[in-house]
Structures are given as C-alpha cells and as structure tokens.
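Here is a quick look at charged side-chain pairs and strand pairing in one model. Have the sequence and the 3D view open while you read.

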Amino acid sequence: MRKAYNIPDLPVYSLATYHKEKVNMNICTYVSAVSMKPKLYMISVYENTRTLMNLEKSNECVLQLLNENQFGLVRKLGQTSGLKNDKDEYLRKKNLIEEWNGLKVLKGVCAKFLLKKIWKRKTGDHYLYVFEVLISSSTGYNHLKLNLLREKKIVWG
C-alpha cells in the first residue's frame, strides 16, 4: 500500500536552469499553479543541487512538462547530480536540446514556461520558490506522470 502522499499521479517536469552558457536540468514533481492572475507556479527544489545554485545566480528558468515518451530522461536528469555530471554536454551529444526564447530547452516536451523568480523560502530539505509565468507554449497532451515511472520501476512509492 502506498503512503498517502504517494497516491496522486502527478505530472513530471524538468526545470531548466542556466549559468554562463550551460543548462542544467532536473526532474521535479513538487510543482503547482498557485494563482491565475498573475499566473504563478510554486516549485520545490532540493537542497545542495546545481539547480539550486543556478537559481541563486539567475532570475529566470524554464519549467518543462515532459512528454510520456521522455520517461528515459528521468534517470539522467533526476537521479544523477548536476554537480558531478555535465547534463548540458549529455543533452547536446544526444541532440535533445533546441532553442526557445534564446534559452536551451528539451525537444518534444508537452509545454514550456519561461519563469521569473519572485519569492523563495527554505522548507525542510527543499527550497520553495514562487515564479511568475512570463511566456508559455504548449505542443502536446500526452504528458509524463508518476505512475508511468512507477510502472517502469524508475521510481517507487
């Protein structure tokens, strides 16, 4: 039996953060829209990560709603550290990156949101951020959800 907080079949996102000319991408499911006007998203970012370091140095990032056929990226983007692995190099070598609004993003995602950081607070082992959506774009509806990752034994719980 799953713990109560593992029951929802949440969408799976990747947060693209930037430092100098490099992109780092992670996996996040602790994401929620929290306002319609202005459109705001709340995202929780794990401590001691390249994503957190990049967010400290920049006011913008890109939230990407993954397509269900991108489940294979979860191990590389979410289960390896950007502090030890050059995810930018990996994604470039695999030809998985395109440019959107002057920023590197994943090809083939269901939706992209250019975000501006407006608020942050430490919450347990994560930092809670609130971002304003500056630009959004959607291209598909078959988004990746946690249950598919559970079925593929990429995550459990």
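In this predicted model, K93 and E89 bring their side chains together in a salt bridge, with 2.9 Å from N to O. The two sit four residues apart in helix α3, so about one helical turn separates them. Is K93 buried or exposed? K93 is exposed, at a relative accessible area of 65%, while E89 counts as partly exposed at 30%. There's also a network to look at: D88, R92 and K104 are joined into one by salt bridges that share partners.

How many salt bridges are there by this rule? The count comes to seven. Here are three of them, with their N to O distances:

| Pair | N to O distance |
|---|---|
| K22 and D86 | 2.3 Å |
| E56 and K120 | 2.7 Å |
| K93 and E89 | 2.9 Å |

Take the salt bridge between the side chains of K22 and D86, at 2.3 Å from N to O. K22 belongs to strand β2 (residues 22-25) and D86 to the loop between α2 (73-78) and α3 (87-93), so this pair ties together parts that are 64 residues apart in sequence. K22 is partly exposed, with a relative accessible area of 40%, and D86 is partly exposed as well, at 30%.

Next up is E56 with K120, whose side chains meet in a salt bridge at 2.7 Å, N to O.

Now for the strands. Strand β4 (residues 40-46) is mostly covered, with five of its seven residues buried. Which way does β4 pair with strand β3 (residues 31-35), and over how many bridges? The pairing is antiparallel, over four bridges. Within that pairing, V31 stands opposite I43 in β4, and a hairpin of four residues joins β3 to β4.

Strand β4 also pairs with strand β9 (residues 126-138): seven bridges join them, and they run antiparallel.

How values were computed: Residues numbered from 1 in each chain as written. Predicted model: local features only at pLDDT ≥ 70, side-chain atom pairs only at ≥ 80, totals over all residues. Heavy atoms only, no water. Salt bridge = Lys/Arg side-chain N within 4 Å of Asp/Glu carboxyl O. Buried < 20%, exposed > 50% of the residue type's maximum accessible area, 1.4 Å probe, protein only. Pairing = 2+ DSSP bridges.
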